[in-house]
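Biologist: Could you take me through the ligand site of this model, with the cut-offs behind each term?

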Amino acid sequence: MPSMLKSIRVRIALLFLLLLLAVMFVTGFFLLNTLENYHISLEKEKLEQTGLLAAEFMAPFLREEVDPVLLSSVAESFSRQFNARVIVVDPRQMVLGDSVRIGGMLGTGLDRREVEMALEGSIGQNVQFSELSDQWVLQVAVPIQADDNDRILGATFLSASLTPVFETIAAVQRFLIASTLVSMVLAAGLAIVISHHLTVPIKELTDAARKMAEGKLEQKIEIKSRDEIGQLARQFNIMASKVNEMNQRLTRFVADVSHELRTPLASMLIGIQSLQNYEMEPQQQKEFIDDINIQTQRMIYLVEDLLELTRHQEVADIKDVVPLELVLEEVLETTEPRVQRKGLTLFREVEEELPCLEISGEGLKRVLFNLLDNAIKFTSTGGWLKVKTQTTSHQVSISVEDTGCGIPQDALPYIFERFYRVDQARAREMGGSGLGLSICKEIVELYGGSITVASQENKGSVFTITFPVSPSIQPGYQAEGGSEVVI
Ligand code: ADP
């Protein structure tokens, strides 16, 4: 495609012009044709009437001795009155009178098909180009009949110029061409205005998209219309702000991760340098190595949590039908020894019948382990924990309650944010990365659930996760067709 045709403006303008040309061509063709047919048939009728009149008038002259001079002057007066050449012939097609005196056909034969038809009793007609007069002519021949019987005495032949008809048609044609040209100029102007209106916002969008591709993410387009282009601009703005937000989140995330890694790395470095540079008692050396060990462990936890963050995005597609009862049982059994070791009591208020969930089993375990882990971590010896379920027809909630240190009210809104820890130093000491709850929230929301927290400082906290329950995946569910769902 030529490069010019790639522009929407040029294409719209060309389309307008082509459309206009096509419409004008078809309309013009139809109009001129109709006009020509109408005028010619009108002329034919007029000439036929004149021919009949002339034939009736000529009949008495042919009954007697024919006087060519008289006939010619009668023909001439008809000719002047009706603007046509008038010729009178006898049954042998010999010209008896001609309205054209000088150079006329008097005394010669008029050998024409129309005349033959007239002598046979019908009216002959013809439209032809006359080389002699260099114009289109209409010719009509009418029989001259005797009054008393059908005897044919001769024929009148009339020939009229069609030039006035064609002049009228040519005038209409000129008008059509002129109006087509004016319309084309107007259409081209209109196409330019319309395409300008269309392409300017598209160009703005293209520029903004290019700037985004160059890394200038803060792009915003002014929305000037409510049409499709306006909608496109609105969507672009939404997309640009999302990309921008994601970029900021990514930058913040990388900064947070670096910050989290720097603390244990710095303390490992101090430990290693001290071991390298100073002579120490074996006991002291062991303390440094233990510290390095703890920091390494902390980094492993952090990296594992980071991996978990990326992994559960992939897990999103995994959806199993998971019996909540079994998962909960497994998590509680695994946690129980830690609860006992810390001198805590675990109460279970778990319903007898729990629904199945459409979820990733591993994801669900991860959430429950995390909540229980926090509850154990932040509750002092002697306290208690409670795991409780509550099922309704369309949802199930599992809550983990503790009698631990609780969370201050002003910290509650941030508790699910990545790397957020109420007491940075203390949480870090306990091996927390500050990622646990944000992972929980992401997993829960991935499967259409929600997570909430209620807490009072120094009294305890309750974390509750809620999932929708779909009746169709429950064991024993009778599908509409009557078949039972087997899991
Ligand atoms: P961490 O790995 O540090 O536990 P989380 O995302 O699981 O990270 O928790 C974030 C912060 O929320 C914790 O550092 C702690 O301050 C607070 N928190 C979480 N659970 C509890 C709880 N059961 N009791 C008190 N504070 C909690």
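This is a predicted model: local features need pLDDT of at least 70, side-chain atom pairs count only at pLDDT 80 or more; totals for chains, interfaces and linings use all residues.

Modeller: Residues are numbered from 1 along each chain as its sequence is written, and side-chain values use heavy atoms, with hydrogens and water left out.

Biologist: How far does a polar side-chain atom of Asn374 lie from an oxygen atom of the ligand?

Modeller: A polar contact is a pair of N or O atoms within 3.5 Å. For the side chain of Asn374, the distance to a ligand oxygen is 2.8 Å.

Biologist: What share of the ligand's exposed area does the protein bury?

Modeller: Accessible areas come from the Shrake-Rupley method with a 1.4 Å probe. Taken alone, the ligand exposes 530 Å², and the part of this that the protein buries is 97%.

Biologist: Which element gives the most to the shell around the ligand?

Modeller: Elements giving two or more residues to this shell include α10 (436-446) and β12 (460-468), helices being DSSP runs of H or I with at least four residues and strands runs of E with at least two. The most, 3 residues, comes from α8.

Biologist: Which residue forms a salt bridge with Glu76?

Modeller: A salt bridge here is a side-chain nitrogen of Lys or Arg within 4 Å of a carboxyl oxygen of Asp or Glu, and the structure holds 23. With the closest N and O atoms 3.2 Å apart, the partner of Glu76 is Arg101.

Methods:
A polar contact is a pair of N or O atoms within 3.5 Å; within protein, one must be able to donate a hydrogen and the other to accept it, and residues adjacent in sequence count only if both atoms are side-chain atoms.
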